[in-house]
Structures are given as structure tokens and as C-alpha cells.
Amino acid sequence: MPLGQRAGDKSDSRYCGVEVLDFPAGDGLPAVLSHSLSSAFDFLLAPLVDPDYRPTPGAVLPVAASDLVLSPSQWSSHIVGKISEWIDLDSEDEQLRLDSELTLKQEIAWASHLSLQACVLPPPRRSSCANYARVVNNILQGLTNMQLWLRIPLEKSEPMDEAQVNNNNPTNDIVDSWEWWNSFRLLCEHSCQLYVALDILSSLPSMNSLRRWFGEPVRAAILQTDAFLTNARGYPCLSKRHQTLLTGFFNHSVQAIISGRSNHNVSQASEGVLGVDENNTEDTPTRHALSPYLDYIAYLYQRMDPLPEQERFEINYRDFLQSPLQPLMDNLEAQTYETFEKDTVKYTQYQRAIAKALVDKVSDDEIPTTRTVLMVVGAGRGPLVRASLQAAEETGRKLKVYAVEKNPNAVITLHSLIKLEGWESMVTIISSDMRCWDAPEKADILVSELLGSFGDNELSPECLDGAQRFLKPDGISIPSSYTSFIQPVTASKLHNDIKQHKDIAHFETAYVVKLHRVARLAPPQEVFSFTHPNFSPKTTNQRYTKLQFELPQDTGSCLVHGFAGYFDAVLYKDVHLGIEPNTCTPNMFSWFPIFFPLRKPIYVPSESPIEVHFWRCCGATKVWYEWALMAPAPSPIHNSNGRSYWVGL
């Protein structure tokens with residue numbers, strides 16, 4: 001049963017599981033499952049094999065239950081397998097190491113036979129886990145539909161073991177469990193079927209450290225009952241930091257699993273795997289011992305704010321890589337126009353900017369005698385024409401509009417719109433590329449919506465440079481300026497999706513993507529800026545910059561998969577438009593961020609700076625970006641000479 005109803009949320013985070021601590025031999029598993037499901041849990045994390053089993057010649061694997069005791073759909077939907085915890089593939093004991101490898105392969109094979117969706121692997125016993133990772137990597141290469149979740153305790157800045165905490169050892173090593181995960185996934189070649197199950201303990205690292213995990217493939221947060229506090233009524237609850245972490249995981253589609261023995265005797269409850277209260281009749285089912293913990297998790301989920309309307313619209317685009325538009329080379333389709341035209345917030349901002357510009361251009365005394373010439377370059381199907389005329393009506397100014405559009409299909413729609421609205425006397429439609437058109441008169445105001453997710457990545461500078469020749473010397477361009485921004489991110493899912501193409505070209509392509517399962521590692525910084533109009537004779541649209549990002553000291557080490565890009569535009573004076581996270585325009589969905597991937601993810605040690613270089617390059621027929629890291633380690637220059645990704649002029 002889902003934790004509750006949260007408008008717009010259809011993710012797996014609605015479901016909560018429970019870990020079975022005792023081995024359910026014989027017919028125990030169906031009874032445990034039935035009891036847990038009737039207590040509103042959605043699935044079990046259950047051992048598949050007797051923990052006392054050690055492989056011997058001719059021995060039959062002592063599984064928890066025959067595949068016949070549950071239906072195939074029950075195995076697949078309600079059971080996550082738990083691999084035996086005694087397994088130690090990096091032990092110095094050779095026999096233990098060999099037994100562990102054989103048992104791990106046997107248990108995974110049995111789980112595959114049961115059609116389980118996932119199995120949880122025991123945590124690495126030490127920081128050096130090369131043999132464990134090697135065996136798991138071998139197994140992953142043979143899996144098709146099943147995921148492996150590596151169990152990792154969520155801890156940082158703790159001694160690795162007691163032997164290191166003594167006065168005779170001057171260098172006390174500090175553990176960061178993220179380092180264990182990172183080593184393991186690197187050894188397993190970033191397998192897209194390897195995930196993380198985080199054990200949430202009573203103490204937590206800093207929030208900056210915790211945020212790293214939002215960009216990692218975390219599938220489950222295993223909440224230990226020892227992590228819960230007790231409220232005034234004697235019920236389990238979580239600290240504020242635990243609550244913040246858990247709601248963050250809910251927002252990143254992570255499922256909760258409750259583990260441990262009950263520490264809160266708040267009601268009649270069964271203890272152990274399946275207990276029975278002798279005072280209860282058969283018609284009164286015994287409540288699960290961990291139900292109070294489930295109730296609290298459900299309470300946290302249900303009190304989360306509903307997904308905003310914008311998020312619901314964008315939910316199917318989360319972490320979905322899209323190629324940026326080629327607006328000069330390609331003509332947009334009607335469906336694309338329709339999507340952009342639904343963004344009322346964007347056109348409201350444009351209308352505000354145009355209204356301010358009209359008031360500045362024409363004083364109240366000049367209204368009867370002055371008609372302002374406004375040109376919409378890249379008019380599409382007319383939303384900016386409508387915004388301009390509404391601004392003129394709002395301010396009482398007279399307007400003459402030229403609507404310039406190169407797409408002949410959109411021009412047909414424009415003619416229909418002008419006729420339908422009765423704007424023939426005010427609007428002249430020009431079917432031409434703005435860079436080639438010879439205007440019959442100069443414009444007072446030039447309006448365009450040529451911005452891309454990175455500001456200039458849809459060639460707004462080149463288009464407006466070509467169009468500004470028919471702008472008066474004192475004319476106004478809307479937008480008047482725009483700036484791009486980037487920030488380093490951990491984005492394991494995006495990296496794995498690009499890796500599926502098995503070539504360099506896709507790692508040298510910038511993608512438009514609704515970022516979701518990412519960790520933003522440092523605040524965004526400015527990259528390139530453009531101002532319009534720009535009448536300087538020495539103007540060039542080539543750019544080069546280098547940036548240095550400092551991660552918060554308590555973050556720890558991290559892995560950078562690429563850079564998220566944004567823009568912020570000044571339409572006119574104090575009217576702005578943008579998607580830069582700190583200043584973004586609320587409820588606007590015309591632009592998703594852009595993602596510049598790295599061919600090889602870069603490991604960033606704790607407190608090390610990240611230095612990145614970005615170029616905007618211009619050729620006779622195309623514009624492209626190049627990017628490279630210099631610190632903490634040099635990377636290849638990506639997209640050299642626009643070999644993989646470019647925007648055609």
C-alpha cells in the first residue's frame with residue numbers, strides 16, 4: 001500500500017519495505033509476506049539462503065523457500081533478495097574467499113531464477129574491495145533484468161576500525177563511505193545495473209556531504225530503528241536532519257526500507273519475524289512490530305507539498321537527454337510551437353518589458369503624434385506579436401509591428417492570426433530570414449525570443465547582430481543582455497545514459513535536460529555575456545573563460561560527471577527572464593538546463609578546487625563550444641573544432 005497520495009508523484013518513493021532479520025525457513029516466507037502486506041508494507045528485503053550455509057561438494061543450496069510457495073508476480077513485485085552477510089570476497093583466508101565467491105554466484109543465480117527485480121549485496125568489509133568488485137562485475141555482465149543494490153552505511157569522518165584509533169598511530173584514517181561506493185562503481189565500470197542501498201544510522205554527516213548522494217544511483221534508504229527518537233507520546237520520530245534527508249530522498253525517487261527490532265512499545269505488536277498474540281482472536285490480525293515506524297514514514301511523506309503544476313508538466317522529461325534545437329537550420333513543427341506558446345509566464349515578462357520600453361520611448365505628450373515601429377524578429381506563430389500589441393493597448397501607445405519569420409509554415413499561421421484578430425492595419429508580416437531582409441524603415445524596438453538554455457546556444461548573438469542594422473541608433477533591443485552560467489554536478493544516470501551510445505561523440509554533445517537526480521556541487525558562476533544592440537566595429541561573438549569552483553569544506557570527495565548550464569536575461573531594465581537556480585523565473589517551462597558531459601568522470605578529492613575552461617568558437621558555417629578540465633586533473637579538450645556538436649548558421 002503506498003505511503004499516501006501526493007499529487008503528481010508516481011515514483012517508487014511511494015512504497016516502503018521492511019527488512020526480514022530472521023531466516024524464514026520452510027513456509028515462513030509466505031506468512032511473513034502476508035503479514036507485512038496486511039500491515040501496509042509494500043515489499044520485503046528477505047534473505048534467500050540459510051545464513052549458516054557454507055558450500056560443500058554435492059550440497060543442495062538451502063533456500064528460504066521453494067519458488068512454488070509464491071506466485072511469479074509476488075516474487076517479482078514484493079521480494080527484494082538479501083545476499084548472505086557472511087560473504088567476504090577480500091578476506092585473507094583463501095577458503096573463505098572461495099566459498100564467498102561460489103555462494104554469491106549461487107544466490108544471484110537463484111534470485112534470477114525467481115525473477116526478482118533486485119538483490120541487496122552486503123557492504124564491503126574494508127576500503128580495499130577489488131576482488132569483491134571483480135566478482136560482482138562478472139555477474140553484472142551476465143544479468144539482463146535484475147539490479148544489484150550495494151549496501152553502504154551512510155557515514156563520514158569516522159575511524160575505519162579500532163586498530164587505527166590508538167595513540168601509537170599518529171595518522172588516524174578517516175572513513176567516508178562514499179569513497180567505498182566510488183571505488184566499487186569505478187571497478188565495475190559504472191554499470192547501469194549497479195545501485196546503492198544506504199543504511200541510515202543514528203548520526204548523519206553534514207548536509208553538504210549528504211547532498212552528494214542525490215546524484216548517485218540510490219534506490220533505497222534503509223532506516224535503522226536505532227536512528228529513530230521518541231516523541232512526547234512515546235512514538236518513534238526522526239531528528240530534523242533525518243527528516244530533511246528522507247524528504248530529499250523522496251523527491252529523488254528513493255524508496256524507504258525499515259530495518260531492526262522495535263524500540264518503541266506503543267501498541268500491541270508482533271515481535272520477531274511473525275509473532276502471534278494469544279489474546280487476539282483469528283479475526284483480529286496482529287499488528288506488525290514495525291508498524292509505528294511505517295506510520296511515521298507515511299506521515300513524513302503525506303505532509304510533503306504536492307508537486308507544483310510546473311513539475312507535473314515536466315515529470316516525464318526528468319533526466320531525459322534531448323538534443324538542443326537548430327533554429328536556423330531547421331523549421332520548428334507545430335507541436336513545438338504549441339508547447340512554447342503555453343508558457344504564459346514568459347510572454348507576461350515580455351509584455352512587461354515592451355510596455356516599459358514604449359513608455360520610455362514615447363512620453364505622454366507625444367502619444368497623439370507618435371507611432372512606434374517595433375520589429376519582432378523570429379515571430380513564430382505570433383505570441384510576441386500579441387504581447388507587443390497588448391503592451392501598446394495597456395500603455396495607450398500607437399504601434400506599427402513588423403513580424404519577421406523565416407519558417408514558411410509558421411507564416412501561414414501568422415496570416416490567419418492577423419486576419420482573425422483584425423490586426424491588418426497594425427501588423428506587416430515578412431516571410432524572410434532576418435539576416436537577409438532589407439527593412440523599409442528603422443525600428444525603435446527590436447523584440448526576439450532566440451534564447452536557448454545556455455543563452456547564446458541557439459545563435460541569438462549572430463541573429464541579432466544581423467538584425468540590428470535596421471535598429472535606430474537609440475533603439476532598444478528586447479532582450480538587452482543575457483549571461484550563461486555553469487556549475488559542476490554529479491549525474492550518474494545521465495553519464496550512464498550517454499555511455500550506452502559507446503562513442504566519444506555523444507560525450508562531446510551538449511544536451512537539454514530536466515535535471516532531477518543530480519547533485520549540484522558548487523554555486524553557479526558566470527560564463528559568457530552578450531549585450532544588444534552592440535554597434536562596436538570590433539565586435540566578436542567568440543568567447544573564452546576559465547572558472548574555478550570551490551566545494552564546501554565538509555562536502556568530502558566527489559565525482560564530477562559534467563556541468564549544468566543555465567542563463568539569465570535582462571529583457572529591459574528591471575524585467576528579467578532566466579533559469580539560473582538562484583534567480584530563476586518561477587513557473588516558466590520553456591527552457592530546461594543544458595548539460596555538458598565529461599568523457600571520463602573526474603574524481604575530486606576533498607577540499608580540492610575544480611578548474612574548467614570553456615570556449616565559444618565561431619566558424620563560417622557553424623558555432624560550437626569546447627570545454628576541458630585543468631584541475632584537479634586535466635581532461636581532454638571536448639568537442640575540438642566542433643567535431644561532435646555544433647549549431648549551424
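Q: Before we look at a sheet, what makes two strands a pair?
A: Two strands pair if DSSP finds at least two bridges between them. Strands themselves are DSSP runs of E with at least two residues, and helices are runs of H or I with at least four residues, both numbered from the N terminus. Strands of a sheet pair through backbone hydrogen bonds, either parallel or antiparallel. A word on what we are viewing: this is a predicted model, in which local features need pLDDT of at least 70 and side-chain atom pairs count only at pLDDT 80 or more, while totals for chains, interfaces and linings use all residues. Residues are numbered from 1 along each chain as its sequence is written, and side-chain values use heavy atoms, with hydrogens and water left out.

Q: In which order do the strands of the open sheet run?
A: The order is 22-26-27-28, with antiparallel pairing among these 4 strands. Strand 22 (543–549) and strand 28 (647–648) are the edges; each has a single partner strand, so one side of each lacks a neighbour in the sheet.

Q: How many bridges join strand 27 and strand 28?
A: Strand 27 (residues 622–631) pairs with strand 28 over 2 bridges, in the antiparallel sense. You can find K622 opposite G648 of strand 28. The loop between these two strands holds P632, and a cis peptide bond links A631 to P632, with omega about 10°.

Q: Where does the cis bond between I478 and P479 sit?
A: I478 and P479 are joined by a cis peptide bond with omega of about 10°. P479 belongs to the loop between strand 17 (471–478) and strand 18 (481–490).

Q: How many disulfides does the structure hold?
A: A disulfide is a covalent bond between the sulfur atoms of two cysteines. Here the cut-off is a pair of cysteine sulfur atoms within 2.5 Å, and the structure holds 0. For C558, the nearest cysteine sulfur is that of C129, 19 Å away. The sulfur of C618 lies 7.4 Å from the closest one, in C617, which is too far for a bond.

Q: Is C558 buried or exposed?
A: Buried means under 20% relative accessible area, exposed over 50%, and partly exposed in between (1.4 Å probe, protein chains only). C558 has 1% relative accessibility and therefore counts as buried, whereas C618, at 27%, is partly exposed.

Q: What is the phi of D319?
A: D319 has a positive phi of about 55° although it is not a glycine. D319 is in the loop between helix 9 (309–314) and helix 10 (334–341), and is buried at 4% relative accessibility.
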